[in-house]
Amino acid sequence: MEFNIKSGSPEKQRVACVVVGVYESRKLTLAADLLDRISNGFIGDVLRRGDMEGKLGSTLLLHSVPHTLCDRVLLVGLGKERDFRAKEYREAIRASARALTQTSSSEVVSYLSELSVKKHEVEWMVEQACVVTLDTLYRCDTYKSKPDESIREPRKFTLAVPRRSDLADGERGLARGQAIAAGMKLTKDLGNAPGNICTPDYLAEQARKVAEAFGAEAEILDKAAIEEAGMGSFLAVAKGSDLEPRFIVLRYHGAKEKTDQPFVLVGKGITFDSGGISLKPGEAMDEMKYDMGGAAAVLGVFRATVEMKLPLNIVVLIPTCENMPSGRALKPGDIVTSMSGQTIEVLNTDAEGRLILCDALTYAERFEPAAVIDVATLTGACIIALGHVATGLYSSQDSLARELVAAGEEVGDRAWHMPLWEEYQDLLKSPFADMSNLGGRAGGSISAACFLSRFAKAYDWAHLDIAGTAWKSGKDKGSTGRPVPLLVQYLQDRADIALGNVVRRGRPRREVTETPEQHDAD
């Protein structure tokens, strides 16, 4: 789908569909009001008849609105005007995208991107409109013999900005939005791929393709190289599978100096998690193909940030393997030695994510990083704590945690800062090794983060537990692409700081009181 930015009056758009908004009070937005005026009150009459009340997310498609040049007008409910915020804006965009899939509108101009959202400007409005639209339109039909032809999407999608002077800001927002959406698509494509296709070798090959496409560096460590590096904990998890493990290293040099400290992203890459000898129940085990959601996410972030050419050095590390039961498999009670030299008593082979991540966190030390952030579908306990709304966030530095939380709030990809107090470390005591890999049912997500923290003492570190946010179950089953938006925004903030720009949250849009005559003509 082709995206464009335009400044022009809605009644002059000779396209298949024009999208405008209506508030709950039946108050029309400026663009809707312009269409109403030229149609001699046609839209207002429709609303007065009760066909639409303007409730948030509602839609109404009108055909052949008098005196307009477009074939259709899509009305989108915005809810209460006084409560219209970023969350409501995203929902309105999502509702419009869903409605458009049920039409045959090949060319669309949306005026929702002109709306006023408190504390946000044109660049943000366009970026979010692009990200949410492409996220909503995403379909995974790669593995179907025939695609679903009942779902259609526009060939050309134009986002309107209030005036010509906003076009440059709109173009910047569009470029960012398309890069983020492309990163999310990569993450979702990888997450939705079945385990018989998305193997460690496949994941490594996709990572190599991303690096080659954007001029970055890729290094893939095979089993022998992983053994030589001393990653005993990682290799212990991989033993039960007939497929060999891979350790993926991607490097992007965007900073002025190659020697600038990089930001390191670590992703858990269990391409299928049976639980190993501590076998999972059969129900919903198919969803364990998503256990490489952390790896998919950091690859998506890497793709987006490299496409955006952020002035940062970025490193991605992905330990990837299967967790399978066999005669060779890791057993409960086994003791393994990690790359750091610390020993681990394995109480449950289904707590394997931390066993592969700990070696990756040790490996990260060689880059002398500015910060390390690991991303993992780590614990069911995090779902119990936070549901499917917020990602669990742990960090050795409160300032890093605050930056990540703020980035997530900015783009609607929320995280919640969880405790990492020293008292929880006692849960990992073992009589036979330096630590166990399981802290018990109470505080399960916290003890898992405590385990990882023992391997991340050489740098500022954060852990994102995405077990509740990486995918959806049920009729809407599939990868969500999270936390790509959060991490891209965090890195964008760090890039702004590197450039000497001040990161300002909640910067208000310039106040503009528009009349129909002030709207730029096409």
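Mentor: Helices (H or I, at least four residues) and strands (E, at least two) are DSSP runs, numbered from the N terminus. Axes are lines fitted to C-alpha atoms, for helices over the stretch in contact, and angles run from 0 to 180 degrees between N-to-C directions. The model is predicted: local features need pLDDT of at least 70, side-chain atom pairs count only at pLDDT 80 or more, and totals for chains, interfaces and linings use all residues. Residues are numbered from 1 along each chain as its sequence is written, and side-chain values use heavy atoms, with hydrogens and water left out.

Trainee: How many helices and strands does the protein chain have, and what is its radius of gyration?

Mentor: The protein chain has 14 helices and 20 strands. The radius of gyration is taken over C-alpha atoms, and the globule rule is 2.2 Å times the number of residues to the power 0.38. For 522 residues that rule gives 24 Å, so the chain is as compact as a globular protein of that length, with a radius of gyration of 25 Å.

Trainee: What share of the 522 residues count as buried?

Mentor: Buried means under 20% relative accessible area, exposed over 50%, and partly exposed in between (1.4 Å probe, protein chains only). Of the 522 residues, the buried share is 57%.

Trainee: At what angle do helix α5 and helix α14 pack?

Mentor: Two packed helices are described by the angle between their axes and the distance between the axes. Here α5 covers residues 167-192, α14 covers residues 484-498, and the axes are 10 Å apart at an angle of about 135 degrees.

Trainee: Is α5 oblique or roughly parallel to α14?

Mentor: Angles under 35 degrees count as roughly parallel, over 145 as roughly antiparallel, 65 to 115 as roughly perpendicular and the rest as oblique. The angle is about 135 degrees, which makes the arrangement of α5 to α14 oblique.

Trainee: Which residues of α5 and α14 make the contact?

Mentor: Contact means heavy atoms within 4.5 Å. On the α5 side it is made by Arg176, Ile180, Gly183, Met184 and Thr187, and on the α14 side by Val484, Pro485, Val488, Gln489 and Gln492.

Trainee: Which residues does a cis peptide bond join?

Mentor: Pro483, one of the two, is in the loop between β20 (478-479) and α14. With omega at about 0 degrees, the cis bond joins Arg482 and Pro483.

Trainee: Is Ile314 buried or exposed?

Mentor: Ile314 lies in strand β11 (residues 313-323). Apart from residues up to four places away in sequence, Ile314 touches Leu250, Arg251, Tyr252, Pro262, Phe263, Phe302, Thr305 and Leu491. Its relative accessibility is 1%, so Ile314 counts as buried.

Trainee: How far apart in space are Glu307 and Ala182, C-alpha to C-alpha?

Mentor: Glu307 belongs to helix α9 (residues 293-307), and its relative accessibility of 33% makes it partly exposed. Leaving aside neighbours within four places in sequence, Glu307 is in contact with Ala179, Ala182 and Phe214. Glu307 and Ala182 are 125 residues apart in sequence, and their C-alpha distance is 9.4 Å.

Trainee: What is the phi of Lys119?

Mentor: Lys119 is in the loop between β5 (107-110) and α4 (122-137). Its relative accessible area is 46%, so Lys119 is partly exposed. Although Lys119 is not a glycine, its phi is positive, at about 75 degrees.
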